[in-house]
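Please walk me through this structure.

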Amino acid sequence: GKAFDASDLRFPIIEPSGAFIMTRRISLEGQKMGNCIDWDSPEKCPCGKHAVCVAGDFCEVKGWCPSLGDHNVDKPPAEAVVEDITGLEEAVLKIVAGIGFPSIDKHFHVAGATEGS
């Protein structure tokens, strides 16, 4: 197996102020420019003038092929490498919140933690 550190498990940073823990990683190497369905935002037929309808359902557009996106993540292309991240059962997510009171003083900031943390 591979070892992942904290920065690996938080990539990509989708919401900078949120918490995201990666439990599955899908990577796709060897993509080439071509015509395929853009699975990030698949376009249904009928297609515009720069696209071709395939299998009567979706439009093929110019882009990086094979495409990997939100709409085919459950059935990725055969070339994709799927890694399920294991060993997170004992992981602890520590959240420390803080609040600032600029109307009281520009340096007055309160950060708290729970007892025993």
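This is a predicted model: local features need pLDDT of at least 70, side-chain atom pairs count only at pLDDT 80 or more; totals for chains, interfaces and linings use all residues.

β4 gives the lining of the second largest pocket its largest share, four residues. Residues are numbered from 1 along each chain as its sequence is written, and side-chain values use heavy atoms, with hydrogens and water left out.

Stay with the pocket. A pocket is an open set of points on a 1 Å grid over the protein atoms alone, where a 1.4 Å probe fits, with protein on both sides within 12 Å along at least five of seven lines; lining residues have an atom within 4 Å of a point. The second largest pocket holds about 160 Å³ of space. That volume is the space filled by probe spheres set on the grid points, which are joined across faces, edges and corners. β2 (32-37) and β4 each supply at least two lining residues. Among the lining residues are Cys-36, Val-61, Trp-64 and Ser-67. By class, six are nonpolar, three polar and three charged.

Ser-67 leads on to Asn-72. The side chain of Asn-72 reaches the backbone oxygen of Ser-67 at 3.1 Å. Asn-72 lies in the loop between β4 (58-65) and β5 (81-84). Is Asn-72 buried or exposed? Asn-72 is buried, because its relative accessible area is 8% and buried means under 20%, exposed over 50%, partly exposed in between (1.4 Å probe, protein chains only). Not counting residues up to four places away in sequence, Asn-72 touches Trp-39, Ser-67 and Pro-77, where contact means heavy atoms within 4.5 Å.

Now turn to the charged pairs. How many salt bridges does the structure hold? There are two, each a side-chain nitrogen of Lys or Arg within 4 Å of a carboxyl oxygen of Asp or Glu. Arg-24 and Asp-84 form one, at 3.6 Å from N to O. This pair links distant parts of the chain: Arg-24 sits in strand β1 (residues 24-27) and Asp-84 in strand β5, 60 residues apart. Arg-24 is partly exposed at 36%. Asp-84 is exposed at 54%.

Glu-83 and Arg-25 also form a salt bridge, with their closest N and O atoms 2.9 Å apart. Again distant parts of the chain are linked: Glu-83 is in β5, Arg-25 in β1, 58 residues apart. Glu-83 counts as buried at 16%, whereas Arg-25 is partly exposed at 28%.

Key
A polar contact is a pair of N or O atoms within 3.5 Å; within protein, one must be able to donate a hydrogen and the other to accept it, and residues adjacent in sequence count only if both atoms are side-chain atoms. Ala, Val, Leu, Ile, Met, Phe, Trp, Tyr, Cys and Pro count as nonpolar, Asp, Glu, Lys and Arg as charged, and the others, Gly among them, as polar.
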